[in-house]
Amino acid sequence: MMHFLLLFSRQGKLRLQKWFLPLPERERKKIVKDMTTMVLARKPRTCNFLHWKDLKIVYKRYASLYFCCALENQDNELLALEILHRYVELLDKYFGNVCELDIIFNFEKAYFILDELLMGGEIQETSKLSIVKSIEASDMLQETMEEYISKPAF
Amino acid sequence: MPAPIRLRELIRTIRTARTQAEEREMIQKECAAIRSSFREEDNTYRCRNVAKLLYMHMLGYPAHFGQLECLKLIASQKFTDKRIGYLGAMLLLDERQDVHLLMTNCIKNDLNHSTQYVQGLSLCTLGCMGSSEMCRDLAGEVEKLLKTSNSYLRKKAALCAVHVIRKVPELMEMFLPATKNLLSEKNHGVLHTSVVLLTEMCERSPDMLSHFRKLVPQLVRILKNLIMSGYSPEHDVSGISDPFLQVRILRLLRILGKGDDDSSEAMNDILAQVATNTETSKNVGNAILYETVLTIMDIKSESGLRVLAINILGRFLLNNDKNIRYVALTSLLKTVQTDHNAVQRHRSTIVDCLKDLDVSIKRRAMELSFALVNGNNIRGMMKELLYFLDSCDPDFKADCASGIFLAAEKYAPSKRWHIDTVMRVLTTAGSYVRDDSVPNLIQLITNSVEMHAYTVQRLYKALLDDISQQPLVQVASWCIGEYGDLLVSGQLHCIILHT
């Protein structure tokens, strides 16, 4: 299972943190610091995998954002790259040509989308279409649309 | 009382702060406003305020005073409230705080809600952060949902069950009846999460493992359909049908086939098929091949299949993609003990990887190279490894030096060669040699009686060149102390000057 998924900028600012294990706040902060330091120090054109404690760290940069996740030993790191890519595709579909600002100003939606893709550190849905439909339907249920001044969902 | 500032307005404002101090001031001001709003039990804007709090929490500011508010949001009838409430719970609450138990009743109600998206929210929260107590209380509800015909809920219930089992393994039994026809599902989401659930159960219980072995033919069939099926836009990734599901099935097959002849035989053909037919031009195909190789190597596969697997790894080593090369080296490291000869065939490619620019690849290549050293290839391999020692990053030098000493001890073709090798390490990477090597080296020199003169003269010359490396100085000083007479008496052996 995935232990955590982090999104951070090239300056190390956190944009999203999803934790699939219970950890105290200060430990989470320490891990975020370690991850940002390690990943940002990587030279370009090195492989997307790192070893950290007993976990495999998989990271990939999309424009100005780093997507970083931690896997257990038996998890498939090449597939993890596909999972990160799938998440980016979903964000892109939802926001239309997604950029970092979208994630900053609509962070809660980034979480809602992630929660349709992953649960408990495992993939819950492999169909992009299905996830997109679920998010669309959930958005329709919101009582105060004005609360969420957003671009059209789809 | 003016309405509290909107979430995105706040984000915009905070981003205009030019200094950390300015940001902190804005945050403190807003937190004060939010706190008083919470105190007034304002229902209308609670959602907006908690959302703002979550944003500030992400920036690193404390938000614990919002925990109870999340619970109130979860208990609200409005979907918008619940969405933010559950998100807040997942971010701000954890099982360490007693407060989290107050969620249990709300979650129980929401698990039975008439709207599937509300049920989904509660399943998700329980499945991500439910404590053992919560899992115990709510396992029955999850089990019920695992049997529903609604695939949206069924897939979430399956992963929720996985979490419950991880927190409270004794509850595994109660989910067994519901697994009966999980694999007959057509829906890929349910199929995928079901395979995850079955995998979790098999990994935790040998009884479950034996029980589920009968599923092998069905899993093989599902995998076969995925590979043979035509283009399905919904699940396609670069021409491959649902790679996520394929990989998970391969992983479950690995667990079911391990140590079992019949199961391994039943999956032999499909593994060969996947290994030969999967498209390798993109990462997604290689992800499937990677998992296939791991499965082939773990089960009782025929030798032909094993060779196929190692050859796939050999091809991976030549791939342009660094990630694939890295994964190949890691996998070869796992199999080098059991399939030593097959891996040896790829030795030269592996040794080439020592020259790779990528640090992670170099490290794996070094570990694997040491694993491949034997009596036959020691001279050639040592040449490469010594060259590597010369040029590698300081981070590697200690491990590399230790590895060279170990290999030399095991396979040295002659005492002279052994001493020369040791000398070479001491002079090129002397300051990185581990402290515990020094007594071992001294022991080695002591035992090579006929080499004493040669050794002490070479060590003396090395000191003349460079006296800064401590382990070298330690060994040399000891040697000169012991065999100084041989040094001073001018007895010269042919000293092949070390260049």
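Trainee: Which residues of α16(B) are buried?
Mentor: This is a predicted model. In α16(B), the buried ones are Leu305(B), Arg306(B), Ala309(B), Ile310(B), Ile312(B), Leu313(B), Gly314(B), Phe316(B) and Leu317(B).

Trainee: What do they pack against?
Mentor: Other helices of chain B: α14 (261-277), α15 (283-298), α17 (322-335), α18 (340-344) and α19 (347-352).

Trainee: How does the span of α16(B) agree with 1.5 Å a residue?
Mentor: Helix α16 of chain B has 15 residues, 303-317, so it should span 21 Å. Its end C-alpha atoms are 21 Å apart, which agrees.

Trainee: New topic. How do the axes of α9 and α10 of chain B cross?
Mentor: At roughly 20 degrees. The axes of α9 (residues 151-167) and α10 (residues 188-204) come within 8 Å. That angle makes α9(B) roughly parallel to α10(B), because angles under 35 degrees count as such.

Trainee: Is that crossing left-handed or right-handed?
Mentor: The crossing of α9(B) and α10(B) is left-handed.

Trainee: Which residues meet there?
Mentor: From α9(B), they include Ala158(B), Leu159(B), Val162(B) and Ile165(B). Among their counterparts in α10(B) are Val190(B), Val196(B), Leu197(B) and Met201(B).

Trainee: What does UniProt say about residues 23-488 of chain B?
Mentor: An unreviewed entry annotates them as "domain: Clathrin/coatomer adaptor adaptin-like N-terminal". That stretch of chain B is 73% helix and 1% strand. Its end C-alpha atoms are 74 Å apart.

Trainee: And residues 1-140 of chain A, what is the annotation?
Mentor: "domain: AP complex mu/sigma subunit", from an unreviewed UniProt entry. Residues 1-140 of chain A are 46% helix and 26% strand, with end C-alpha atoms 32 Å apart.

Definitions and conventions. Residues are numbered from 1 along each chain as its sequence is written. Chains are lettered from A and ligands numbered from 1 in the order in which they are written. This is a predicted model: local features need pLDDT of at least 70, side-chain atom pairs count only at pLDDT 80 or more; totals for chains, interfaces and linings use all residues. Side-chain values use heavy atoms; hydrogens and water are left out. Helices (H or I, at least four residues) and strands (E, at least two) are DSSP runs, numbered from the N terminus. The expected span of a helix is 1.5 Å times one less than its number of residues. Buried means under 20% relative accessible area, exposed over 50%, partly exposed in between (1.4 Å probe, protein chains only). Contact means heavy atoms within 4.5 Å. UniProt positions are given in the numbering used here, feature names are shortened, and annotations may be inferred rather than shown by experiment. Axes are lines fitted to C-alpha atoms, for helices over the stretch in contact, and angles run from 0 to 180 degrees between N-to-C directions. Angles under 35 degrees count as roughly parallel, over 145 as roughly antiparallel, 65 to 115 as roughly perpendicular and the rest as oblique. A crossing is left-handed if the near helix is turned anticlockwise from the far one by less than a right angle, and right-handed if clockwise.
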